[in-house]
Amino acid sequence: MSRHVHTRVKICGLRDAQTARSVAEAGADAIGLVFYPPSPRNVSAEQAAEIVAALPAFVMSVGLFVNESPLVVSSVLAKVPLDLLQFHGDEDLAYCSQFGRPFIKAVRVKPDLNLLEYAQLFVSPLCRGLLLDAWVDGVPGGTGHSFDWNDLPTEWPLPLILSGGLHPDNVAEAIVQVQPWAVDVSSGVEVIKGVKDLQRVDAFIRAAI
Ligand SMILES: O=C(O)c1ccccc1NCC(=O)[C@H](O)[C@H](O)COP(=O)(O)O
């Protein structure tokens, strides 16, 4: 996609409705809800439904899953009106498309992986973006680790979402260098894992726009 004037911001891993509303008021375009039990940011469908109900119009709710059973994903979808799904594991296009919902696909950047070939595999009507994250052995995401932004392709077949170790002091530089459609952050706006710091959220969004 060509250069755009406003880089969208997703704040990932929210766990309560009040924080979600504050994050929306700070200017976030999307919030992420983690349905991955080993994560300190994991939420139940009941918690997620409360959070989504607190969001104002035009702030998207994104539900994140990692190699989850389709039955579990469907059961969350029946209880929570999510706008977008995020698949953060080894899911293929057929898996991601089976729910008939728009989704983004995450990929963790490794030196031996051809990112453009990977992106091409997901070009399809329901896939709305490719999220790049850092590779950390044994932890699928939300690690606070970044990866080398040098030598990334400059043209992508899908809207590009940059994540991995972003924080208020590096996000502006990341945007200039990578020119993503959107940025996504979790650890970089937290005080401790799973607890967002609203001052850092505010600083991140101001630096990103
Ligand atoms: O946030 C988590 O705990 C998580 C766990 C398992 C898979 C993905 C997870 N988060 C996905 C995100 O979209 C994060 O924002 C992304 O990984 C960047 O995280 P961070 O480096 O902490 O900003």
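Helices (H or I, at least four residues) and strands (E, at least two) are DSSP runs, numbered from the N terminus. Residues are numbered from 1 along each chain as its sequence is written. The model is predicted, local features need pLDDT of at least 70, side-chain atom pairs count only at pLDDT 80 or more, and totals for chains, interfaces and linings use all residues.

**Exercise 1.** Find where Ser69 is located, and decide whether Ser69 is buried or exposed.

*Solution.* Begin with the chain: Ser69 is found in the loop between strand E3 (60-65) and helix H3 (70-79). Next apply the cut-offs, by which a residue is buried if 20 or more other C-beta atoms, placed from the backbone, lie within 10 Å of its own, exposed if 12 or fewer, and partly exposed in between. Ser69 is exposed because it has 9 other C-beta atoms within 10 Å.

**Exercise 2.** Work out which strands pair with E5.

*Solution.* Two strands pair if DSSP finds at least two bridges between them. Strand E4 (residues 84-87) is joined to E5 by three bridges and runs parallel to it, with Gln86 opposite Ile104 in E5. E5 also pairs with strand E6 (residues 127-134), in the parallel sense and over seven bridges, and here Phe103 has Cys127 in E6 as its bridge partner.

**Exercise 3.** Determine how many of the residues in strand E5 are buried.
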